[in-house]
Amino acid sequence: MATGRTHRPATRSRGIPEATVARLPLYLRALTALSERSVPTVSSEELATAAGVNSAKLRKDFSYLGSYGTRGVGYDVEYLVYQISRELGLTQDWPVAIVGIGNLGAALANYGGFASRGFRVAALIDADPAMAGTPVAGIPVQHTDDLDRIISENGVSIGVITTPPGAAQQVCDRLVAAGVTSILNFAPTVLSVPEGVDVRKVDLSIELQILAFHEQRKAGEDATAEDEGAPPMRATPTGRKGPDGDMPAVMPA
Ligand SMILES: NC(=O)c1ccc[n+]([C@@H]2O[C@H](COP(=O)([O-])OP(=O)(O)OC[C@H]3O[C@@H](n4cnc5c(N)ncnc54)[C@H](O)[C@@H]3O)[C@@H](O)[C@H]2O)c1
């Protein structure tokens with residue numbers, strides 16, 4: 001559910017549509033799994049299935065990268081991993097600061113999957129003076145009083161907000177003033193940011209609400225089918241909606 005602005009046009013300057021950009025991480029995840037199994041090449045159909053994307057869409061997406069594969073052979077897995085990583089800016093290290101080191105902030109700090117994808121947790125920041133100096137995931141928590149210095153010293157351009165909603169806008173403003181230009185917001189609030197700042201919002205409760213909607217609909221279909229004596233309609237694996245059609249877990253703010 002897009003509830004804010006990302007201040008980015010639907011098509012980026014290099015001509016790759018945002019919808020394609022949103023699918024690149026899905027391809028990368030599937031390709032990384034193939035690479036770990038030392039699979040050298042993959043067909044568009046196999047990769048599309050692994051990524052949960054329609055294969056025609058995949059071929060179109062890869063055409064924006066200038067990658068067309070080889071007929072009868074498919075795509076070179078290692079080269080595609082490199083191409084997509086480069087396109088997403090993952091061939092460089094991105095220092096990330098997490099602000100609000102409670103349940104969620106600490107869980108994210110402890111998550112090993114960021115570093116392996118090029119996102120290094122460089123700083124943990126919290127307003128609670130009692131937390132200052134306490135290590136979380138081996139990184140000492142620093143106080144918000146020092147936010148400006150922490151951001152600039154660590155060259156942080158991506159900030160993660162895991163504070164209570166009431167504090168999120170103020171934290172966002174301070175991060176932006178300190179030089180942060182991309183924000184991942186977990187707090188259930190809509191953030192206002194100046195031009196040139198990207199905000200993505202993660203809200204698992206919205207995902208659950210969407211699932212609840214589908215559950216309710218399925219229950220309704222079952223009841224109707226039973227009334228009519230017909231077998232209930234169920235989504236088949238091939239007909240299942242994937243990232244092409246469903247709301248992503250991370251969405252524009
Ligand atoms: N997006 C999701 O799916 C999802 C899931 C769970 C929680 N949340 C949200 O994440 C946020 C954190 O949840 P939690 O359970 O970790 O809360 P929590 O109370 O455990 O932690 C919040 C932390 O933020 C700190 N804090 C408060 N004001 C601050 C400020 N101005 N600057 C810096 N730090 C500040 C507190 O000291 C505390 O350590 C909440 O907004 C919650 O609604 C989102």
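A residue counts as near a molecule or strand here if its C-beta atom, placed from the backbone, lies within 6 Å of it. This is a predicted model, in which local features need pLDDT of at least 70 and side-chain atom pairs count only at pLDDT 80 or more, while totals for chains, interfaces and linings use all residues. Residues are numbered from 1 along each chain as its sequence is written.

**View 1. The shell around the ligand.** There are 24 residues around the ligand, and Gly100, Gly102, Leu104, Ala167 and Leu204 come nearest. Sorted by class, the shell holds 13 nonpolar, 8 polar and 3 charged residues. For that tally, Ala, Val, Leu, Ile, Met, Phe, Trp, Tyr, Cys and Pro are nonpolar, Asp, Glu, Lys and Arg are charged, and the others, Gly among them, are polar. Helices (H or I, at least four residues) and strands (E, at least two) are DSSP runs, numbered from the N terminus.

View 2. UniProt, in an unreviewed entry, lists Gly100, Ile101, Gly102, Asn103, Leu104 and Gly105 under "binding site". UniProt positions are in the numbering used here, feature names are shortened, and annotations may be inferred rather than shown by experiment. Asn103 lies in H5 (residues 103-110), and Gly105 is found in that helix too. Gly105, with 22 other C-beta atoms within 10 Å, is buried. The cut-offs are 20 or more other C-beta atoms within 10 Å for buried, 12 or fewer for exposed, and partly exposed in between, with C-beta atoms placed from the backbone. Leaving out residues up to four places away in sequence, Gly105 touches Ile98, Gly100 and Thr162 (contact means C-beta atoms, placed from the backbone, within 7 Å).

View 3. Strands pair if DSSP finds at least two bridges between them. E4 (residues 119-126) and E6 (residues 139-143) run parallel, joined by 3 bridges; Leu124 has Val141 in E6 as its bridge partner. E5 (residues 135-136) runs antiparallel to E6, with 2 bridges, and Val136 is partnered by Ile139. E5 and E6 make a hairpin with 2 residues between them, and Ala137 in the turn has a positive phi of about 55 degrees.

View 4. The unreviewed UniProt entry gives residues 89-190 as "domain: CoA-binding". That span is 28% helix and 28% strand, and its end C-alpha atoms lie 26 Å apart.

Terms used. Contact = placed C-beta atoms within 7 Å.
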